[in-house]
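Welcome, and thanks for taking a look at this one with us. Have the sequence and the model open side by side as you read the notes that follow.

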Amino acid sequence: VTMTEFGDFISALGEFGLYQKLLVLFLSLPQLLIPFQMIGQMFMVVDVPHHCNTSWIRAIGPNLTEEEPLNLTLPRDADGAYEQCSMYSPVDRDLGSIVAYGLNATEKCSSGWVYPSAQPPSLLTEFDLVCDRKDLNDISQSIYMLGLLLGAVIFGPLSDRIGRRPVFLISNLLQGLFGVGIAFVPHFYVYMAFRCVVGASVSGILITALALAAEWVGVSSRPKAVLISLCFFSIGQMVLAGLSYGIRNWRLLEIAGSAPVFVLFFYIWVLPESARWLVTKGRIEEAKKVIQKAASINKRPIPPGLLEQ
């Protein structure tokens, strides 16, 4: 069966009947969650004021007020605010001489940083993405993009070999598992590794959803199908903005953006394989079955002669 002849089947089925509309809806639902993976990190790295941890002075002067240790141990910048990335080097002197003569030598933060205690945990405060470690935030976004590239390289050819349907299902499963897994990571390097896998799975979802929609929908209705899925992506962005406003804990936000994919497990039973792909692989009987099912849902008879071809 040549692909031009296959176009006759789609014409007989209806270019964009009920069957294709349901299929596009099912393929578009996961797009609601993709913005959480694509741009969610922007909402998880909330910039907060911070300064070096200088609790060493407490051992010398346990009765100091809250502000006094900062005055004694932190240099000020040009605007008179405490430096965020440097501190005076600890010394082995008594409190009286420190107060009288002050401290001179400065160094980078050596004992971590202190953040406002009222802040809910964000990626920045939990993994200290400040000062020298600030670049890790950008690096992790780049590693996510690397995941997208790897996903395209791996899942594109794989969907040609084993089919659109299994790759779409595997990609959704990976996104759910590793997306929820991100919420429990103990180290930022583990976070970046998991983000890479999530990036690859997002590529798998996008590639196979596009292929499945394009191979089931008539040529004239393809722009419509793509537009619908992009609308779901845009709605997902709005949902992300609303949820990130309400959920300030980055781990809970990650779960909220990844766990719903497990609701789609019923796809195992309802998602069809591409009839076009089945034909190219010579699996004609399976192709006939899915075409007849599509025809019955669209309430369009397939001419027997066409099916025998």
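**A buried serine and its partner**

The side chains of S274 and E215 make a polar contact at 2.5 Å. Please keep in mind that this is a predicted model.

**Around S274**
- S274 sits in the loop between helix 14 (267-270) and helix 15 (275-280).
- With a relative accessibility of 0%, S274 counts as buried.
- Setting aside neighbours within four places in sequence, S274 is in contact with R164, L212, E215 and W216.

**Domains and cores**
- The domain assignment of the protein chain gives domain 1 (3-46 + 132-308) and domain 2 (51-114).
- Between the C-alpha centres of domain 1 and domain 2 the distance is 53 Å.
- The largest nonpolar core has 65 residues, and L123 and W216 touch the most other members.
- Helix 11 gives the most to this core, namely 10 residues, and the core draws at least three residues from each of domain 1 and domain 2.
- Beyond its neighbours within four places in sequence, L123 has contacts that include M44, L129, F188, Y191 and W250.
- A second, separate core of 7 residues includes W56, L64, L72 and Y88.

**Helix 13**
- Which residues of helix 13 (residues 250-258) are buried? They are W250, R251, L253, E254, G257 and S258.
- These residues lie on the same side of helix 13, because they cover an arc of only 160° around the axis.
- Their cover includes helix 3 (34-39), helix 4 (41-44), helix 8 (123-126), helix 10 (164-182), helix 11 (188-216) and helix 12 (222-246).
- N249 caps the N-terminal end of helix 13, with a side-chain oxygen 2.9 Å from the backbone nitrogen of R251.

**Disulfides and other cysteines**
- The whole structure holds 2 disulfides, and in sequence order the bonded cysteines pair 1-3, 2-4.
- C52 is joined to C109, S to S 1.9 Å; the torsion about the S-S bond is about -60°, so this disulfide is left-handed.
- C52 lies in strand 1 (residues 51-52) and C109 in the loop between strand 3 (106-108) and strand 4 (113-114), 57 residues apart, and both cysteines are buried.
- C85 is joined to C131, S to S 2.0 Å, and this link is left-handed too, with -90° about the S-S bond.
- C85 is partly exposed at 31% relative accessible area, whereas C131 is buried at 19% relative accessibility.
- Elsewhere, C196 counts as buried at 16% relative accessibility, while C231 counts as partly exposed at 42%.

Methods: Residues are numbered from 1 along each chain as its sequence is written. This is a predicted model: local features need pLDDT of at least 70, side-chain atom pairs count only at pLDDT 80 or more; totals for chains, interfaces and linings use all residues. Side-chain values use heavy atoms; hydrogens and water are left out. Buried means under 20% relative accessible area, exposed over 50%, partly exposed in between (1.4 Å probe, protein chains only). Helices (H or I, at least four residues) and strands (E, at least two) are DSSP runs, numbered from the N terminus. The arc is that of the directions from the helix axis to the C-beta atoms. Contact means heavy atoms within 4.5 Å. A polar contact is a pair of N or O atoms within 3.5 Å; within protein, one must be able to donate a hydrogen and the other to accept it, and residues adjacent in sequence count only if both atoms are side-chain atoms. A nonpolar core is a set of buried Ala, Val, Leu, Ile, Met, Phe, Trp, Tyr and Cys residues joined through side-chain atoms within 4.5 Å. Domain bounds come from an automatic or database domain assignment. A disulfide is a pair of cysteine sulfur atoms within 2.5 Å.
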